[in-house]
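Me: I am new to this structure and would like to get to know its charged side chains. Could you walk me through them?

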Amino acid sequence: MERDVVEIAPPLFPSGSRTRKPRKAGIPEVIDVEHYEFRNGGLVSNNNNANLVDKKNKGKSIQDGSFYDHLADEEVVMSTTHPWGFPSSSSKRSRRSSSRPFNRDASASSSRPRAAVEVVVSSAQANFLRDFKRFDTVDNFSQHHYASQGNASKQHSRTWVKKVQADWKILENDLPEAISVRACESRMDLMRAVIVGAEGTPYHDGVFFFDIHFPDTYPSVPPMVHYHSGGLRINPNLYNCGKVCLSLLGTWNGNAREQWLPQESTMLQLLVSIQALILNQKPYFNEPAYGRTKGTPSGEAHSKFYSENVYVLSLRTMVYSMRKPPKHFEEFVRSHYFERAHDIVKASNAYIDGAPVGSIVKGGVQDIEESSESGSMKFRTEVATFMKTVVEELVKLGVKELDDKLKPPPNAESSNKSNCKRSRSSR
């Protein structure tokens with residue numbers, strides 16, 4: 001079994017930011033998920049690579065002012081939308097009404113018809129997520145999994161209190177962007193964490209919640225962790241009963257350096273281990289018996305089908321989280337899925353078209369040249385079928401224009417013909 005502990009060296013200087021963003025690995029080539037198809041066993045662009053995304057310049061503003069040249073004779077319309085749950089009066093900045101366009105030069109005359117240019121305004125959900133603290137404290141945790149294992153009046157040892165406070169400080173300063181934590185002021189033994197699935201894995205765009213309890217003998221023993229599974233087994237290390245299997249927690253055997261070390265181990269180390277080593281790109285190999293088959297044709301084939309099933313279960317977890325968001329993260333869940341809705345639909349459409357599971361990154365599909373096989377027909381059909389339920393929940397959040405963008409299940413007959421062509425070409 002591979003090591004399941006991420007060792008984190010303490011910073012040389014205190015961090016001044018609570019939301020320090022980790023560096024992202026560069027992706028050499030990304031193809032727009034809306035402009036590709038599988039042909040003869042390989043993925044090709046629909047327009048001769050015309051849709052390759054320039055990752056280097058993506059998102060950069062136009063510096064030379066040429067963007068504004070064509071606006072002299074055109075109307076510009078400020079379009080603002082206030083989705084579900086966010087009143088329009090909350091904004092302090094004045095906004096022009098969408099029914100009152102304004103001209104850059106009112107005196108300019110032109111025979112050409114005036115075109116409306118929509119200006120993108122950050123949604124209330126985007127602003128909420130931007131301001132959402134990675135670490136914060138709350139008053140109570142009545143709906144916590146470990147709420148019954150203690151009470152607010154319970155006295156703890158000085159060593160216990162000192163260690164928990166130290167963990168709070170580390171989390172406040174050094175949590176990565178994809179992890180958020182809420183600790184309880186009245187019950188310091190309780191904590192809740194959410195981890196956002198990383199792109200390039202079958203968990204992308206999902207949110208996964210964990211309830212944490214610090215026993216009386218902490219830090220001599222590791223914390224107790226319960227996963228909010230919704231009854232789904234999405235990983236060899238995450239049971240449908242909520243058990244988290246990890247050497248650092250003492251729930252799996254490991255060498256001395258992989259186990260909880262009272263003088264060294266921290267909650268940050270534990271959460272990052274779950275993020276990086278459990279919710280990873282190929283979770284099939286987390287199972288020790290299967291880890292030895294990694295890199296073999298048989299092992300990789302089984303891994304592919306396992307990851308396909310994981311993504312479908314991840315979609316189900318999305319619905320479960322939207323319907324029953326954990327306490328103190330209700331608005332986070334709604335805002336997260338509101339902002340990720342179109343990305344989720346685009347990724348699922350790519351899978352329905354045959355993209356390999358886990359190949360989706362922001363803006364397109366990566367590592368196409370390494371994937372000669374498309375997703376299985378079973379996977380593509382299951383995604384297309386269950387995405388209808390996902391879209392229904394996203395629409396309830398106020399997301400617009402999703403129904404028309406969702407692709408139907410793939411045609412089995414045409415897919416079989418395509419597979420036959422691939423088989424002949426490989427002989």
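Me: Are Arg130 and Asp131 buried or exposed?
Reply: Happy to start there! Buried means under 20% relative accessible area, exposed over 50%, and partly exposed in between (1.4 Å probe, protein chains only). The side chains of these two meet in a salt bridge, 3.1 Å from N to O; such a bridge is a side-chain nitrogen of Lys or Arg within 4 Å of a carboxyl oxygen of Asp or Glu. Both Arg130 and Asp131 are exposed.

Me: How many salt bridges are there by this rule?
Reply: A word on the basis: this is a predicted model, where local features need pLDDT of at least 70 and side-chain atom pairs count only at pLDDT 80 or more, while totals for chains, interfaces and linings use all residues. Side-chain values use heavy atoms, without hydrogens and water, and residues are numbered from 1 along each chain as its sequence is written. By the rule, the count is 12.

Me: Which helix holds both Glu382 and Lys378?
Reply: Their side chains form a salt bridge of 2.8 Å, N to O. Lys378 is exposed because its relative accessible area is 56%, whereas Glu382, at 27%, counts as partly exposed. Four residues apart, about one turn of the helix, both lie in helix H7 (helices are DSSP runs of H or I, at least four residues, numbered from the N terminus): the name is H7.

Definitions and conventions. Helices (H or I, at least four residues) and strands (E, at least two) are DSSP runs, numbered from the N terminus.
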